[in-house]
Amino acid sequence: MNGEPGLTYVYAVAAGAPRLDESLTGLRGVGDAPVTLLDPGRSGSPAPVFVVSRVPAGEWREEALRSRFEDLGWLEDTARAHHDVIQALTEHTTVLPLRLATLYQDDDRARAALRGQQAAFSARLALLARHAEYGVKVYIAAEAATADDIPAEARAQPTAPAVDGIRAEAPAQPTASAVDDPHGEGRAHSTAPTDAPSPGRAYLRARRAQHHAREDRYLQARQAADRIAAIAAPLATHTVRHPAQTGPLTRGENGENVLNEAYLVPDEKAEAFRMALDEAGQGLPGIRIEVTGPWAPYSFAMSSAPAADTADRPDSRS
Amino acid sequence: MTDPLAHRIAPMPSRATPASYPPSSSGSLADILERVLDKGIVIAGDIRINLLDIELLTIKLRILIASVDKAKEMGIDWWEHDPSLSSRHSGDPLAEENRRLRAEVEALRRERLDAAPQSPAEGDAERHEGIRSGDATREGRAS
C-alpha cells in the first residue's frame, strides 16, 4: 500500500471520539487519498488524534509545491479537498483545523509531533467543543450604474441645471466649449440643444451623484457594523476581525466587502446569532450582510489569545 | 394584468429576509482559501507552507485593484483636458473614453498575469525560502 515514497499529510487535530475511525470510511482528501486517523500510540485514552492521509512525495515535496501553489486550479482543488475533510469531521467531533499542506516525512514523525503537543491540543479542543465559527461579511451593494451606464444616462438628460457645480472643477470650460461648438454644429445640429452640457460635464455630474450614493451606503455599512457589535457579538464567545476581501477572487455581484469577521458561537446560541444578524441588516438597503458557516473553528484554532490574533497584530504586515 | 405566471415566479430575495446560508463546504473559493491558507493551526511540519507566501499573493492582488482605480481617475482627467477627446471624434467621445479605459484595464490585467507565473522575482525570492523542507535544514545542524 505504501510502496511508493510518500509523505504524511495532516488535516486536523481531532478530539478522540468513539467510532471516529468508522465515520471516516470512504472519505477522500487531497489528491483523492483515503483519510485515516493517526493516534498518539497509547490505547484507551481519549487523546487527540491527527487526521491524515498519505500523499506521493514527488508531488508534495518543497520544490513541487512551490510551483503548484501558483496554479490556482490546483490550489482550489487542494484547498477544497482539505476543507471538505475538516468539514466532514466537524459532524462527529471537535477539530482544530491545520493550515493547508502540513506534511511530515512519515507517520512516525507526525506521531512524535502529536505527542509533543498533546496537552496544548487537548486544552484547545476543550475550549472549542460544541462551538462553531460563523463568517460575517458586510458588503456595500454593487452600484447600479456601471462605467457603461454613466454615458448613457448623461446623454439621456441633455439639460444643464448643474453647470455651476461643475465649473469649479473644470476651469478649462470656455475653451472646451469653444472647441466643441464648431464641430457640434456640423454633427448634431438637428438633435442636440446648443446649451447641452458636454458629455464631460454630464459625466462628472453623474459621477458626483454616484459619489453621494456611495457615501450613503458607507454610512449604512457603519450602522450595520454597530448593530452587529451590539446585538450579535454578545452571543459569541470570541470574535476575530479579518482583512476585508479584495481582489479578483472576490469580484462579483456581491459588491465591495467592507467588514469581514469571524465569530465563535456556542451551538445552542447559533440560531439566535443568525436571527440577530438578520435584524442587523434590516432597513439598510444599501448594504448586504452575508453569513457563512457553520465552519470548523479555523479562525480560533491557534492557542494564542484568539480575540487579539490575526487582525489586530501590530507587527509588520505591510 | 393578472398574469398567472407572476404568482408562480419566486420573488426576488429581499434584503430584509434572511439570506440563505450556504453550507460552508460549498463556500466561496475566497472564503475557503482565506481559512485554509491563512487561518488554522500552524504546526512545524517537515514541510509546510509559510504564511508569507500567501500574503504575498494577496498583496499582489490588492496592488492591482489600486492601480485600476487610479487609472480610472486619470482617465477622467485626460478626457476633461484633452480637446481631441471631447470634440474631434466623429464617434461618441464617451465610447472612445470607455475604450481607452478598457484597454488600460486589460493592459494592467495582462501585466499581472504575466508577472504572476515567474515567481521568484527579486522581492519574492526570500519569502519563498519560507517553505521549509526536510530534517536536514531544520534539525541536522541545530547545534
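This is a predicted model: local features need pLDDT of at least 70, side-chain atom pairs count only at pLDDT 80 or more; totals for chains, interfaces and linings use all residues.
Residues are numbered from 1 along each chain as its sequence is written, with chains lettered from A and ligands numbered from 1 in the order in which they are written.

Chain A comes to 11 helices and 8 strands; these are DSSP runs numbered from the N terminus, with helices (H or I) of at least four residues and strands (E) of at least two.

Now for the sheet. Four strands of chain A make up an open, antiparallel sheet in the order β6-β7-β5-β8, where pairing takes at least two DSSP bridges between two strands. At its edges stand β6 (238–241) and β8 (287–295) of chain A, each with a single partner strand, so one side of each has no neighbour in the sheet. Further in, β5 (residues 131–140) and β7 (residues 256–266) of chain A pair over 10 bridges, and A:Val138 sits opposite A:Leu259 in β7(A).

Then there is the meeting of the two chains. Residues A:Glu76, A:Ala79, A:Arg80, A:His82 and A:His83 in α4(A) meet B:Leu29, B:Ile32, B:Leu33 and B:Val36 in α2(B), a contact being C-beta atoms, placed from the backbone, within 7 Å. The helices α4(A) and α2(B) are roughly perpendicular to each other, a label for angles of 65 to 115 degrees.

How values were computed:
Angles under 35 degrees count as roughly parallel, over 145 as roughly antiparallel, 65 to 115 as roughly perpendicular and the rest as oblique. Two residues are in contact if their C-beta atoms, placed from the backbone, lie within 7 Å.
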